[in-house]
Amino acid sequence: MRRAAESGLLNRKSFEVTLLGTGTSYGVPMIGCDCDVCRSTDPRDRRLRTSALIDLPQPAESDGGSAASAIAATVRHVLIDTSSDLRAQALAFGIRRLDAILFTHSHADHVLGLDEVRRFNKLQREAIPCYSDAPTRADLRRTFAYIFDEATPKGGGIPKIILNEIVGPFSLGSVEIVPVPIMHGSRPILGFRVGTFAYLTDCSAIPDSSWPLLAGVRTLVLDALRARPHATHFSVSEAVAAAARIGAERTYLTHISHELGHAATCASLPRGVELAYDGLVLTIE
């Protein structure tokens, strides 16, 4: 994994974001495809389904005795979306703990790994809080009805989660999580902002009311499916334009299809914009 900034520069106000998957819902390579990207030997062209892990900053040592710092210290590893590749991502990137899960929306590639959470329950011996908007919360209860049905046999293990509805900014550990409403085609979904970092996957439009929520973002992860327009995702040119309006210093494009080869696409992008790839670690100051 390459780091976007040296780990040694981390201080208590810095945190890391690992991009666990950067591919579209089909993944790359796609089943039954022999295109140049699907046959590429560049590891950056192998893309699991999109998700990310935030490693939150920890309280300062001087605050170590306070009740607030004790709570903050218990929340560190925050997963964005339980992708259908969650098991493979956890094994590839050494994920052994999840303190909270944020959901952007309930499409299959973003939620179908939820059953893998039961392994983390066993390791941690506790339920894991999950946060989503109301439609996603309802979809999770329906799609994973066995989790919430008291009659479900318990022998095989059932994920233990606590569903929380997002109604505005909220705190996890030592930081504030700001939900950013965006559009995924005709469906409103959520992106998330933490400090100077924003994560906006599956985005086809940013509502007027959400632009102010992105003021001051310096590091941006943004949806860019392909070069051609798409009904529910930004194209590369649309993503580049949105990044320019936000004014981010660094923009990494995610949810990438097999139509975009990493090296060739990055060579065509403006300064400060590049394709993300699985395993990229971003240091957020």
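**A tour by selection**

Select R76 and D55: in this predicted model, their side chains form a salt bridge, with N and O 2.6 Å apart. The two residues are 21 positions apart and connect distant parts of the chain, R76 lying in the loop between helix 1 (67-73) and strand 3 (77-80) and D55 in strand 2 (residues 51-55). R76 is partly exposed, with 35% relative accessible area, whereas D55 is buried at 18%, a value under the 20% limit for that class.

Next, display R218 and E249, which are joined by a salt bridge with a closest N to O separation of 3.3 Å. This pair also links distant parts of the chain, 31 residues apart: R218 is in the loop between strand 10 (197-200) and strand 11 (219-223), and E249 is in the loop between helix 7 (236-246) and strand 12 (250-254). R218 is partly exposed, at 36% relative accessible area.

Proceed to D42 and R44, whose side chains meet in a salt bridge of 2.9 Å, N to O. Here D42 is buried at 17% relative accessible area, while R44 is partly exposed at 32%. In total, the structure holds 13 salt bridges.

Now select G21, in strand 1 (residues 15-21). G21 is buried, with a relative accessibility of 1%. Its C-alpha atom is 5.0 Å from that of R49, 28 residues away along the chain. Beyond its neighbours within four places in sequence, G21 has contacts that include L48, T254 and D278.

Finally, select R96, R119, K122 and R125, which form a positive surface patch. Within it, R119 belongs to helix 4 (residues 117-124) and is partly exposed at 47% relative accessibility.

Technical notes
Residues numbered from 1 in each chain as written. Predicted model: local features only at pLDDT ≥ 70, side-chain atom pairs only at ≥ 80, totals over all residues. Heavy atoms only, no water. Patch = residues over 30% accessible without salt bridge, like charges linked within 9 Å, V, L, I, M, F, W, Y side chains within 5 Å. Areas by Shrake-Rupley, 256 points an atom, 1.4 Å probe, with all protein chains shown as cover. Salt bridge = Lys/Arg side-chain N within 4 Å of Asp/Glu carboxyl O. Lys, Arg positive; Asp, Glu negative; His and termini not counted. Charge placed at Lys NZ, Arg CZ, Asp CG, Glu CD. Helix = DSSP H or I, 4+ residues; strand = E, 2+ residues; numbered from the N terminus. Buried < 20%, exposed > 50% of the residue type's maximum accessible area, 1.4 Å probe, protein only. Contact = heavy atoms within 4.5 Å.
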